[in-house]
There are 2 protein chains.
Amino acid sequence: MGDTIVAIATAQAPAAIGVVRLSGKEALAIALSFWQGAKPHPRTATLGMLLDGQTPLDQALITYFPAPHSYTGEDVVEISCHGSPYILRRVVEICLERGARLARPGEFSLRAYLHRKLSLDQAEAIADLIQARSAAAHRLALSQFRGAYYQKVRALREKLIEFLALMELEMDFSEEDVELASRSQLLLLLEALDGEVTALLKAYRIGQAVREGVPVAIVGRPNAGKSTLLNALLAEERAIVSDTPGTTRDTLEERLYLGGYELRLIDTAGLRENPADAIEAEGIRRARQKLAQAFLILYVFDVSEETPTQAQQHAPLLLGTDFTASILWIANKIDKLSTPIPSTDGVIFISAAQGTGMDALEKAIVESLAQQGASSDILLSHARHYESFIKAQTAVKGALQLLREGGGSELIVEELRAAQRAIGEITGEITPDEILGHIFSKFCIGK
Amino acid sequence: MGDTIVAIATAQAPAAIGVVRLSGKEALAIALSFWQGAKPHPRTATLGMLLDGQTPLDQALITYFPAPHSYTGEDVVEISCHGSPYILRRVVEICLERGARLARPGEFSLRAYLHRKLSLDQAEAIADLIQARSAAAHRLALSQFRGAYYQKVRALREKLIEFLALMELEMDFSEEDVELASRSQLLLLLEALDGEVTALLKAYRIGQAVREGVPVAIVGRPNAGKSTLLNALLAEERAIVSDTPGTTRDTLEERLYLGGYELRLIDTAGLRENPADAIEAEGIRRARQKLAQAFLILYVFDVSEETPTQAQQHAPLLLGTDFTASILWIANKIDKLSTPIPSTDGVIFISAAQGTGMDALEKAIVESLAQQGASSDILLSHARHYESFIKAQTAVKGALQLLREGGGSELIVEELRAAQRAIGEITGEITPDEILGHIFSKFCIGK
């Protein structure tokens with residue numbers, strides 16, 4: 001913590017601008033040691049020349065952010081030079097020669113956390129923010145970064161700590177049998193906490209899907225037009241399409257951005273009861289595997305072969321039971337129908353080959369995700385948070401049961417302590433060092 | 001020129017920081033139209049929140065550089081946000097919605113040139129600076145950017161213009177037969193100019209090589225150890241090496257950074273008088289082709305088979321005559337010698353297989369490049385400049401001849417005009433629009 005760290009903060013390819021960032025006590029001294037130009041005033045972009053020994057290296061802008069009003073809370077200097085990989089590398093090398101140390105991944109954010117500029121979940125949100133590829137993933141990361149995320153939980157945790165203090169006090173006076181903490185109020189608090197935590201845990205799967213791409217499986221009988229649908233959604237010829245049933249054997253996965261979401265569209269082998277050979281059987285096995293991972297299933301059937309009702313009746317047999325995803329029913333090949341059939345509730349009629357009905361299908365996909373909570377700003381999306389909330393939930397439920405059964409104060413206190421510790425881990429109020437190391441190592445360098 | 005342009009100025013991959021740059025009259029108004037935070041003072045990095053409609057998009061720093069003290073000479077705003085491709089794209093999209101136009105490649109630098117913040121050769125140097133991969137290429141670009149490059153030529157051009165004015169004046173008084181411009185001084189000036197231009201033209205090939213990577217061909221008889229040498233220089237197993245003569249058929253090219261230079265090392269098929277088959281003959285044809293393009297030739301021979309003197313005697317037959325590169329003589333396989341042979345001037349003794357003598361070889365390569373002028377800061381490296389200087393040289397030589405032969409003033413004036421125009425094209429003092437368009441289209445967007 002005492003030393004000064006340096007890293008390239010921008011992506012590393014030739015570009016107009018590249019930024020090197022220094023943080024620590026020596027940040028300004030190191031930057032000025034190879035600077036020809038005016039000494040920068042705080043927060044003022046100052047033009048000058050960087051020197052490599054006696055020779056000029058680049059014309060650059062230096063901005064100095066004195067502690068504590070900087071990203072890390074330490075003295076920070078940002079050197080904005082031409083975005084040449086050679087220049088950026090040399091700037092870092094010179095800083096290292098002058099006593100800086102190369103920052104580890106996430107070390108700037110770690111320092112911001114350690115100087116209380118960011119809570120731990122906010123620091124994690126920055127890593128997410130940088131990686132976000134869709135509007136929904138970005139919204140999730142930003143709301144977490146802005147701290148809205150855990151404000152409720154945090155408030156509940158503070159009350160928990162109050163109760164805990166009172167109950168610990170009680171125990172000091174245990175011989176006198178006073179009750180400082182109202183058991184009925186504690187019950188209410190724990191029930192509220194249980195409700196919050198359970199809701200967040202429930203939203204974990206969708207949160208994770210929004211962050212990493214929502215898995216959407218395209219399934220159905222052989223030759224129902226699944227690959228044609230994939231191509232139509234992607235608006236390109238990704239999958240090989242032929243009239244031969246069973247053309248798709250491998251599962252194909254493609255990313256599609258739709259309504260602000262990132263979808264991982266998975267094309268699968270056609271499902272049927274009696275596969276022709278071992279290769280087809282293997283394809284079907286893999287398709288069912290993908291089903292289990294999917295968040296949404298696009299069940300495609302050939303409406304010139306099966307009515308929607310027949311398709312829905314046969315589907316369970318084909319799909320098996322090993323999945324929890326919602327299903328969108330897609331009646332494909334309406335172009336093959338000689339007479340139009342009446343619309344059926346909850347079924348989307350399309351011709352993937354001709355592109356008919358695709359707008360309605362896309363709308364239905366987005367609506368289905370929103371219905372499942374994907375449009376919420378507050379979704380649990382980190383495995384680490386999930387684990388902590390599971391711990392918190394177990395403790396809260398334990399405390400609730402003890403309370404209801406009239407259990408001893410000492411046992412209740414034990415559970416309350418576990419619950420507040422678990423919640424505290426998320427925001428970083430209580431976090432062992434090895435967890436910190438693990439969290440920040442996933443950052444990119446320079447952040 | 002009247003509109004406001006916008007572009008992402010940093011490389012586009014997830015990173016800690018990304019910068020969007022606006023330039024033009026509306027730059028500040030557009031930036032503030034989706035900004036929640038204090039209005040930035042000139043050149044002061046100001047923290048606030050970018051808005052996407054009503055919802056927050058990202059926490060960012062805005063720096064405002066009012067005209068004329070900015071990169072382009074116009075009002076410039078730099079928005080420094082989290083380096084998320086999603087955020088950067090949205091920031092640009094919002095700027096476009098608010099009236100900005102997407103910048104064309106190099107348009108920021110074009111505006112800087114049009115507002116006389118940069119000369120044309122300086123603007124070109126920025127594109128080189130960004131792309132520079134080696135210390136030598138970087139040094140070349142920076143010296144051009146700093147304007148040191150053409151200062152001499154420019155001074156000579158100004159004197160040329162003075163003479164031109166005097167001679168044009170003379171022509172107005174032609175009946176009176178006055179000589180305002182001293183012919184002997186003009187002769188001295190033109191000779192000095194001829195010397196400068198000729199020197200610059202001579203250095204064009206090495207300048208280009210330094211900028212784009214110096215082509216170095218590794219040639220020699222089959223099984224002399226050329227591929228082993230390539231691998232040894234690269235310190236990796238790039239080329240397939242075997243005891244079978246003629247293993248290398250294609251020419252392999254690899255980049256190597258040595259002594260601040262970028263080398264394009266070219267491994268070639270072994271050369272011999274009587275190729276075994278058509279494939280080998282084709283390999284030899286290609287090797288000779290590469291020779292013609294090379295700047296430096298590493299001629300490798302097996303010193304356990306040929307003495308250095310024999311190798312140097314046979315080489316012309318193998319190499320042909322279609323090249324101008326210097327040759328480094330490399331006696332390979334010294335590990336196979338039972339008795340050491342006396343060192344020979346100008347021959348480097350190595351064992352590529354064992355890594356012996358590689359330091360001396362690397363030193364010799366770097367020294368050879370320096371001897372050929374590669375270490376100079378002022379090297380012509382652009383085809384455009386080369387063409388202009390060729391035009392200038394032709395005109396200067398024409399004027400010199402006329403002067404010496406007592407040619408008429410009108411003809412001399414014509415040549416002087418052509419010369420000053422040609423030199424003026426380089427710095428952009430005289431440049432047709434289509435040349436401008438061509439130059440700046442090679443820039444990256446955002447610069």
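# Domains and a packed sheet

Visitor: Which domains does the assignment give chain A?
Guide: Domain 1 (5-103), domain 2 (124-203 + 381-440) and domain 3 (214-371) of chain A. The bounds come from an automatic or database domain assignment.

Visitor: How far apart are the C-alpha centres of domains 1 and 2 of chain A?
Guide: They lie 41 Å apart.

Visitor: What are the ground rules?
Guide: The model is predicted: local features need pLDDT of at least 70, side-chain atom pairs count only at pLDDT 80 or more, and totals for chains, interfaces and linings use all residues. Residues are numbered from 1 along each chain as its sequence is written, chains are lettered from A and ligands numbered from 1 in the order written, and side-chain values use heavy atoms, without hydrogens and water.

Visitor: What pLDDT does chain A average?
Guide: 87, with 92% of the residues at least 70. pLDDT is the predictor's confidence in each residue, from 0 to 100.

Visitor: And ipTM for the complex, what is it?
Guide: 0.78, and pTM is 0.78.

Visitor: Now the sheet. What is the strand order in chain B?
Guide: β3-β4-β5-β6-β2-β1-β7, open, with mixed pairing. Strands (E, at least two residues) are DSSP runs, as are helices (H or I, at least four), numbered from the N terminus. Two strands pair if DSSP finds at least two bridges between them.
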